[in-house]
Structures are given as C-alpha cells and as structure tokens.
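Hi,

Here is the structure I promised to pass on to you. Have a look at it first, and then read my notes below.

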Amino acid sequence: MRNVNVEIIKFLVLTLLVLVLPVVVHEGYLLNVLVFVGIHSILALALNLLLGYAGQISLGHAGFFGLGAYISGVLTATYSFNPWLAMLIAAAVVTFIAFAVGFPILKLKGHYLAMATLGLGIIIYIVFNEAVDLTGGPSGLSGIPNLRIGAFTFDTDIRNYYLIWTFALVAIGLSLNLVHSRIGRALRAIHDSEVAARVIGVNARLLKVQIFALSAALSAVAGSLYAHTMTFVAPASFGFNFSVELVTMVIIGGLASIYGSLLGAALLTVLPELLRAFQDYDIIVYGLLLILMTMFLPGGLAKGFPQAASYWRTKFRRGPSSDA
Amino acid sequence: MLEVRELTQRFGGITALENVSFTARKGEITGVIGPNGAGKTTLFNIITGIYIQTSGSVHLNGEDISRVPAEKLAARGLVRTFQNIELFGNMSVLENVMLGLHTRSSSGIFSCMTKMPWHLKEEKSIRQQAFEWLEFSGITDLAGQKAANLPFGKGRLLEIARAMAVNPSIMLMDEPAAGLNNSETHMLAALIRKIRDRGVTVVMVEHDMELVMDICDRILVLNLGRMLAEGSPREIQENPAVVAAYLGEG
C-alpha cells in the first residue's frame, strides 16, 4: 500500500503547485501560457491513455479537439446554448463519433492505423474549413461566450487559469485511478501481447474502442474549454501539425506516464515561447532539442531523468579505470 | 471435459489435420505427441479459437465452442500457455497474475476512474487471490519483479499461475518443458500433477518423452495430420506404428 501513498503525495504536491503558481506568475502573458499548458496537458493525457497505455496510435486527435471546440462554439455563439450544456453535448457527440469510427479502424495496426486516424483528422479539418455557414470557414468563429457559474464569469486570465487547471487536475486524478485498475492493467496487457491478453479473456477489440472513445471525449472537453476561454476558434489550430505535436508531447513526456504527459505538454508549450530569443532560427533549435531529447532520454522526461541519472552515476563510479 | 470431433483443417492445398477425434477427460492429463509438422500446434490453435477449422467441431463440457472467439473462451473455462511464453513483460509478476483474474472481475471504466467502493473491494480481492496463485506456483518471492526480467523457467511458472487464476476447467499447454533444465522439468511435472488433482483437464503438446510417459494418463499420437494412435503411455510405447514414425520407416 506504500505505492498508493506515494501517488497521493505526488498528486497533492501538484495540486499545491497549481494553487500557488499564480502568486509568483501573475503577469497576463505568462498566465496565458500556463492556461495553454493546462489545455495541452489534458490533450496529452487523453492521447497517452490510447498511445502509451493501450499502444494504439492516433494522428487525428487534433480533430477531436477541434470538434469539441467547434461544437461548443457553434452551439453557444450561433444557437445561444448554455456553455456548460454545450460542453456536455460536444463530449457526447464526439464519444459517439469515436465509437462509430473506432470499431472499423481499430482493427488496423501500426502504420495502417496511423494512416486511418490521419485521414480522419484531415476529413474533420476539411469540414471546419468548408462548412462556412456553420463554422465561419477559414476566417473562424468568434463571439463564443465565456463559461460562467451564476454571476461569476471566467473572463480573466487568472480565472481561466484556475478553471482549466481544475479540469486538468480532475483529468489527471481520474486517469491515475484508471491506469492503476483492472482496466489499466488490461490496456497495458494489450500493449505487451495482444494474443496473450485475449487468451486470458481480455476483450481487446472492445477495450481498444472504449479507450479510443474516452480519449476522444477528453480531447473534446479540452476543445470546449479552449473555445470558451479564447472566445474565438479557427481551423488552423486543429490541423495535422497539431496532431503530430500532441504525439510529440506524449513521447517526449513519456509513454504510459500520467505525469509525463504533463511534462511533455509543459515543455512543448513553453519551449517555443523561450526560443523566440533565437528569432528566425527558433524552429531549427526546437527541432535539434527534440532530436537530442529522443536520443538521450528515450523513455521520455518522466522516466528519462532517473535513467540518465543512474547512467551517469555508473559511468562516474567506474571512472577512467574501466579502460585499463 | 474436452471433446474433439472429426476435425479437419486445410490451408490451401495442404491438409494440416485430417479427421482427428479424441476426448480429454476431467482429472486426466492428455499428451499430444508427434514429429514436427504433425499438426499439434494447428490442433491447439483451432481449439483456442485462433484458427477456424475447415470441418469438425470442438466441445467443452458438452457445449460446442467451435466458433467462439479466443477472448470469450477464458470465461468458459478454457486457457492455454504458449511454447515461447507470452508474458506481459512491462508489468510486475503480481500484475500478470492479477490479469488472469480479469474475467472474474467486472468493474467498468467509470467505476475504475472514480474508485467506486465496489471497485476497491474487487481490487483488494483480486490482489489477494493473485498472491494465492503465486504461492501455488511457488514464485511468491518474485511478486514485485518486472516479468520481462524473469529467467525462462520462472517465466513458465508465472504463465501457469496466470492461467490458473482464470479458474479454468481445461488447460492446454504448448510444450511446457521446452527450454527448461532437468530440475525445472521435475518441478513442472509436480506442478502439472497438482493442477490435475484440482480437477482441471490438462492437454499438453510435448517433445520431452520422459515427461510425457511419466505424467500423462492418455496419449494421442499425430503424424502428418492424422491420428496414428491413442492410448495409455504403455500402449503407445509398445505400438509398432508409433515406433516406426519416430525412428523412421525403413
């Protein structure tokens, strides 16, 4: 039961950090970056459940994120729905779509699954661009209202920060519970040996579709939050590039690591901001850093640091005498 | 009880199995032997739902399971082990056995995420039962180890513990002694007897004749996809057709 306590302490430390961070960081621009870290954390977490735990790739997750944002945006801005209700509808619709699409495409494996999800993402992206009457097309959809509780509206950076991070913490807590349960074990079993998992009675096909739907629904919630905090959405935010960025967050952060998703999301959100100092060369430095990280921290940030530490420790202990 | 009736399997023009029938009785160990290419693994893959046979049928405790997919068979009491051991390498030894209890627990995604009280109770009972099966296989001390780090012999014991956790009425073992040394094989023999004595029907494919003759109650001999002989170890050893198949017809 010691492990359980460690998990609780880790989670409490994170919660505390989230609570006090705005005391140090209270400037609008930086808070806004932290809002994005929060949204990206939910997305990376959602994708990690599918990619890191169940071992199934998706190159279309930006599409689910966008669907959440657009369904919420259109329902509130155009049809004056209550934003909370719109968020719920968005999650429900995306869950339904993911189930419908998941059954046929999750029969595919590896590169073929990557291609199918890539196609799905592109189709969704095209709809955002072309359904101009509904989505506003390439110029976007504006006038999306903020979320509110009674008379309290989430319309400032600090309010949005706490809103987003409340959702992120809940998502992290629920995911931690999930991965440490029979369902989490079954997911990792499918990842390690699908045939052995099936033979002991894990319904691999159904479970893969269920986790795909859960992952899509969580991404839709993140999209909905994005729409209501930004009050404006445009297709460019939900393209193929962003799907790849999400996969990068998960891999850099650490496959099958809940906190790794957080680290990956934080790094890939903050890094481009820091690299502005390099001006036109920022994209080159960014690429180089990613290459170096995958080379030297192959398990991702979450597992990589302990690994790297023990590597250098043994190297140091052996010292130069090992050559002799 | 497992009953195989007139099973035939063709792959294109090749007949892998032809008209094979046998019955494995409760509380007995049935050995399936034969030279390479005799159709032993094909037979196992059909019984466990990985292949679907060309004709014939398989019955488990009287029910036709010919077209039941692999993942539904565990809940009906049929499990198997693999020649090359299929473990969940990135998980602990204990977690591997806990997975064996998957079909005997039912918490869904939502009760797992929200830690519902019934889920926590179930989790506790799964953990406890998993420890009992580790003890059954004699590997309790390895509970916390990563499965991928186990030596081959211990991995075999873990695979058996995981299969037993499913609470099977029949266990199929594909070359359980392959890759084991002498003392490990002796331990395996004792363990397989222990499994039989719990009322589990055991069917095993095996090349180690000493082991087969030692622990099997009945033996089925396959050669080139056909049944060559069936009987007690003594009858098989004295059967001239079997001797010819093994030593080569001259």
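Chain B of this predicted model falls into two domains: domain 1 covers 1–77 + 168–250, and domain 2 covers 86–167. The centres of these two domains of chain B, taken over C-alpha atoms, are 27 Å apart. Where they meet, 11 residues of domain 1 of chain B are in contact with 10 residues of domain 2 of chain B. On the domain 1 side, helix α7 (residues 182–197) of chain B gives the largest share, four residues. That side divides into nine nonpolar residues, one polar and one charged.

The axes of α5(B) and helix α6 (residues 152–165) of chain B come within 9 Å and cross at roughly 135°, so α5(B) and α6(B) are oblique to each other. The crossing is right-handed. Residues making this contact include B:Trp133, B:Leu134 and B:Phe136 of α5(B), along with B:Leu157, B:Ile160 and B:Met164 of α6(B). By class, the contact has 10 nonpolar residues, two polar and no charged ones.

Finally, the meeting of the two chains: 30 residues of chain B are in contact with 23 residues of chain A. On the chain B side, the elements giving two or more residues are α2 (70–73), β6 (78–81), α3 (93–100), α4 (109–113) and α5 (117–137). The largest share, four residues, comes from α3(B). The chain B side that touches chain A has 13 nonpolar, 10 polar and seven charged residues.

Best wishes

Conventions: Residues are numbered from 1 along each chain as its sequence is written. Chains are lettered from A and ligands numbered from 1 in the order in which they are written. This is a predicted model: local features need pLDDT of at least 70, side-chain atom pairs count only at pLDDT 80 or more; totals for chains, interfaces and linings use all residues. Two residues are in contact if their C-beta atoms, placed from the backbone, lie within 7 Å. Ala, Val, Leu, Ile, Met, Phe, Trp, Tyr, Cys and Pro count as nonpolar, Asp, Glu, Lys and Arg as charged, and the others, Gly among them, as polar. Axes are lines fitted to C-alpha atoms, for helices over the stretch in contact, and angles run from 0 to 180 degrees between N-to-C directions. Angles under 35 degrees count as roughly parallel, over 145 as roughly antiparallel, 65 to 115 as roughly perpendicular and the rest as oblique. A crossing is left-handed if the near helix is turned anticlockwise from the far one by less than a right angle, and right-handed if clockwise. Domain bounds come from an automatic or database domain assignment.
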